[in-house]
Amino acid sequence: MSTSLPPLDVHPNSVGLGAEIRGIDLRELTDESFNQVYSAWLDHSVLLFRGQQLTDEQLISFSRRFGELDLAPIQENGRRFVDGFPELYIVSNVIENGEAIGSLGSGEAVWHTDMSYLPEPPKASILYALEIPPSGGNTEFMDMFGLYESLPAQLKERLRGLRIKHDGTYNSGGYVRHGVTATDDPRTSPGTFHPLVCKHPETGRPGLYLGRRRNAYIEGLELAASEALLDEIWSYTNQKQLAWHNVWKVGDLVLWDNRSTMHRRDSFDAGHRRVMHRTQIKGQTPPSA
Ligand code: OGA
Ligand code: MN
């Protein structure tokens, strides 16, 4: 007789994006439970697990269950990798011995999708909270399926077949990426073109794929026309019912789908420490919808 697994304890957020999964210790996840987590992730795009106690090795081995990992991007100060953990990206404002231990400082991080300036951006990112300031530094996510669906039919029609450049100059904290010359001309800035409307490789749902607003450029248009169309599209990102934010607690782990969401972070008081460890799971070239 086969024993069936109890259903996963899934608590969807009140908006149509994100869910908290309760009662799970990510250090000891069976294959069956992992499959349930994976399908909940496809359903909700963002999953929150509270009260986790993971070493870096455990964070990396949980992340590897989703697929091969991408190496972490180079830090703003040129530091390549955390010693011994090339997959680990540190997001932090902490300065030790005069050197930032991570990226993004304490300012706002604007709306973005991770590493979409690459030809094959990561499909998922996992962010784990080690130290959290008393307030601020919340991370907000937006449902890019819902955003696409919310557009007027005429605008959707105009977007069909277009490609958008995802800028490789600036990161979401506004810092120039290591080794890149700052430029504010989106026609010549480094980056990668992707379809503006992408099909989710696993569910087939269409979603907007915007990356970042800064230095974005729509292929084949005059600069002014590209800017106007981008501003028009971005004006729809102001819809509260498409967004959810996490007020972090130490031990929170948030897993998100970079193919169906974008995210941003509020600023926080630079006098407080915030330390997050992130991994990123390899993805594929985003397919056109
Ligand atoms: C990231 C990111 C925001 C935050 O790790 O990709 O954008 O809340 N982090 O630290
Ligand atoms: Mn990010």
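How do the residues of the lining of the largest pocket divide into nonpolar, polar and charged? They come to nine nonpolar, four polar and three charged. Here Ala, Val, Leu, Ile, Met, Phe, Trp, Tyr, Cys and Pro count as nonpolar, Asp, Glu, Lys and Arg as charged, and the others, Gly among them, as polar.

Before going on, a word on the model: it is predicted, so local features need pLDDT of at least 70 and side-chain atom pairs count only at pLDDT 80 or more, while totals for chains, interfaces and linings use all residues. Residues are numbered from 1 along each chain as its sequence is written, chains are lettered from A and ligands numbered from 1 in the order in which they are written, and side-chain values use heavy atoms, with hydrogens and water left out.

**The pocket**

The largest pocket holds about 240 Å³ of space, a volume being the space filled by probe spheres set on grid points that are joined across faces, edges and corners. Its lining has 16 residues, and nearest the centre are Pro-73, Ile-74, Tyr-117, Arg-177 and His-178. A pocket is an open set of points on a 1 Å grid over the protein atoms alone, where a 1.4 Å probe fits, with protein on both sides within 12 Å along at least five of seven lines; lining residues have an atom within 4 Å of a point.

**The metal site**

Now for the manganese ion (ligand 2): His-112 (NE2), Asp-114 (OD) and His-263 (NE2) coordinate it at 2.1 to 2.2 Å. Donors are N, O and S atoms within 2.8 Å of the metal (3.2 Å for Na, K and Ca), and sites may look incomplete because water is not among the atoms. Along the sequence, the donor residues of this manganese ion follow the spacing H-x1-D-x148-H. His-112 is buried, with a relative accessible area of 4%, and Asp-114 is buried too, at 3%. Buried means under 20% relative accessible area, exposed over 50%, and partly exposed in between (1.4 Å probe, protein chains only).

**Aromatic rings**

Rings of Phe, Tyr and Trp (its six-membered ring) pair if their centres lie within 6.5 Å; planes under 30 degrees apart count as stacked, over 60 as edge-to-face and the rest as tilted. By this rule there are nine aromatic pairs. Two of them share Trp-41:

| Pair | Centre to centre | Angle between planes | Arrangement |
|---|---|---|---|
| Tyr-38 and Trp-41 | 5.1 Å | 75 degrees | edge-to-face |
| Trp-41 and Phe-66 | 5.7 Å | 80 degrees | edge-to-face |

Tyr-38 and Trp-41 are three residues apart in helix H1 (residues 31–44), so about one helical turn separates them. Tyr-38 is buried at 16% relative accessibility, and Trp-41 is buried at 0%. Phe-66 sits in the loop between helix H2 (56–64) and strand E4 (89–92), so its pair with Trp-41 ties together parts that are 25 residues apart in sequence. Helices (H or I, at least four residues) and strands (E, at least two) are DSSP runs, numbered from the N terminus. Phe-34, Tyr-38, Trp-41, Phe-49, Phe-62 and Phe-66 form one aromatic cluster.

Charges meet rings as well: the charged end of Arg-214 sits over the ring of Tyr-170, 3.5 Å from its centre, and Lys-156 lies over the face of Tyr-148, at 5.1 Å from the ring centre. Such a charge has NZ of Lys or CZ of Arg within 6 Å of the ring centre and within 35 degrees of the ring normal.

**Backbone angles**

Leu-104, in strand E7 (residues 103–104), has a positive phi near 80 degrees, and Leu-104 is buried at 11%.
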